[in-house]
Amino acid sequence: MSERDDLFDDANGALALGELEEAAALYRRCVEIDPEFFDGWHALGMALLKLDQYKEAIGCGLQAVNLKPNDLLAWTSLSQMYVRDENIAEAESAKANARILSLGGKVVRDA
């Protein structure tokens with residue numbers, strides 16, 4: 001296993017124990033090592049959301065949907081982040097993309 005994967009496993013363990021700050025720090029290291037690591041960005045965003053750090057969570061959520069624009073969970077999570085930040089227009093937009101995906105559509109067409 002790679003250092004990134006080891007850190008990700010440690011972060012998931014910290015999250016399971018309710019150690020949100022530790023989990024966020026470990027997820028942050030994962031994406032520093034591998035900026036293209038979708039699971040790391042998504043998990044970091046969700047940990048930050050639980051820590052009420054909405055703006056940073058949204059940044060992570062945006063990074064996740066940029067990496068995987070047709071991922072239903074990423075758009076659903078981003079919508080939740082916007083709701084918690086009270087940005088309803090962006091929350092509705094992200095929710096609409098999640099809805100498109102849930103119906104079998106695509107947000108970004110493959111080239």
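Predicted model: local features only at pLDDT ≥ 70, side-chain atom pairs only at ≥ 80, totals over all residues.

Residues are numbered from 1 along each chain as its sequence is written, and side-chain values use heavy atoms, with hydrogens and water left out.

The protein chain has six helices and zero strands, where helices (H or I, at least four residues) and strands (E, at least two) are DSSP runs numbered from the N terminus. The radius of gyration is 14 Å, close to the 13 Å that the globule rule gives for 111 residues, so the chain is as compact as a globular protein of that length. That radius is taken over C-alpha atoms, and the rule is 2.2 Å times the number of residues to the power 0.38. The C-alpha trace spans about 35 × 35 × 20 Å along its principal axes.

Let us turn to the first pair. Helix H1 (residues 3-16) packs against helix H2 (residues 20-33) at an angle of about 160°, the axes being 8 Å apart. Axes here are lines fitted to C-alpha atoms, for helices over the stretch in contact, and angles run from 0 to 180 degrees between N-to-C directions. H1 and H2 are therefore roughly antiparallel, a term for angles over 145 degrees. Their crossing is left-handed: the near helix is turned anticlockwise from the far one by less than a right angle. Among the residues that meet are Leu7, Phe8 and Leu15 in H1 and Leu26, Tyr27 and Ile33 in H2; contact means heavy atoms within 4.5 Å. By class, this contact has 11 nonpolar, one polar and five charged residues, with Ala, Val, Leu, Ile, Met, Phe, Trp, Tyr, Cys and Pro counted as nonpolar, Asp, Glu, Lys and Arg as charged, and the others, Gly among them, as polar.

The second pair is H5 (residues 72-84) with H6 (residues 88-102), at about 160° and with axes 8 Å apart. The crossing of H5 and H6 is left-handed. Their contact comprises nine nonpolar, four polar and two charged residues.

Leaving aside residues up to four places away in sequence, Histidine 42 touches Ala64, Leu73, Ala74 and Ser77.

Definitions and conventions. Parallel < 35°, antiparallel > 145°, perpendicular 65-115°, else oblique.
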